[in-house]
Amino acid sequence: MKKLTLKEEEIMDILWDNGPMFIREMLAFYKEPKPHYNTVATLVKLLVEKGFVYYRPLGNTYQYEAKITRKQYHGSALSDIISQYYDNSYTKVVSQFIEDQKMDLEELKKLISEIENNRKQ
């Protein structure tokens with residue numbers, strides 16, 4: 001899956017949080033100074049081309065909606081990082097967290113327990 005720029009992710013966050021909308025409605029979610037309508041329209045068009053957003057014609061305008069969920073995008077981005085920096089090894093990722101003291105033994109035990117419970121279900 002392609003990566004989003006910060007500006008594209010900002011638009012996706014608006015769509016993920018609020019559902020389908022028109023570009024004029026998206027503008028309401030920006031703080032001042034708001035971007036120009038054409039700027040947002042161009043970014044939305046790029047998101048359509050990248051396959052992140054689809055649209056429905058309604059009258060003489062379009063309503064836009066996220067084509068993928070936030071969870072799908074974050075999962076894909078995480079997989080890309082793990083592939084690129086950790087040789088596709090989730091074990092290496094967890095080891096890194098433990099070595100950097102970002103996860104302690106109790107948290108690891110809890111994670112293992114959650115995984116085991118999910119497999120049983």
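Q: What makes Lys45 and Glu49 the outward-looking residues of H3?
A: In this predicted model, Lys45 and Glu49 are exposed and sit on the face of H3 turned away from its buried side. Exposed here takes over 50% relative accessible area.

Q: Which residues of H3 are called buried, and what cut-off applies?
A: Val40, Leu43, Val44 and Leu47 are the ones; the label needs under 20% relative accessible area.

Q: How do you know that the buried residues of H3 line one face?
A: Look down the axis of H3: its buried residues fall within an arc of 100 degrees, so they share one face of the helix. An α-helix has 3.6 residues a turn, so residues three or four places apart point the same way.

Q: What do the buried residues of H3 pack against?
A: Their partners are helix H1 (6-18), helix H2 (23-27), strand S1 (53-58) and strand S2 (61-66).

Q: Why are H1 and H3 called roughly perpendicular to each other?
A: They pack at an angle of about 85 degrees, with their axes 10 Å apart. The class covers 65 to 115 degrees, so H1 and H3 are roughly perpendicular.

Q: Which residues make the contact of H1 with H3, and what classes are they?
A: From H1 come Lys7, Glu8, Ile11 and Met12, meeting Val40, Leu43, Val44, Leu46, Leu47 and Lys50 in H3. By class, that gives seven nonpolar, no polar and three charged residues.

Q: How do you know that the span of H3 agrees with its length in residues?
A: H3 has 14 residues (37-50), which at 1.5 Å a residue should span 20 Å, and its end C-alpha atoms are 20 Å apart, so the two agree.

How values were computed:
Residues numbered from 1 in each chain as written. Predicted model: local features only at pLDDT ≥ 70, side-chain atom pairs only at ≥ 80, totals over all residues. Heavy atoms only, no water. Helix = DSSP H or I, 4+ residues; strand = E, 2+ residues; numbered from the N terminus. Expected span 1.5 Å × (residues − 1). Buried < 20%, exposed > 50% of the residue type's maximum accessible area, 1.4 Å probe, protein only. Arc of directions from axis to C-beta. Contact = heavy atoms within 4.5 Å. Axes fitted to C-alpha atoms, helices over the stretch in contact; angles between N-to-C directions. Parallel < 35°, antiparallel > 145°, perpendicular 65-115°, else oblique. Nonpolar A, V, L, I, M, F, W, Y, C, P; charged D, E, K, R; others polar.
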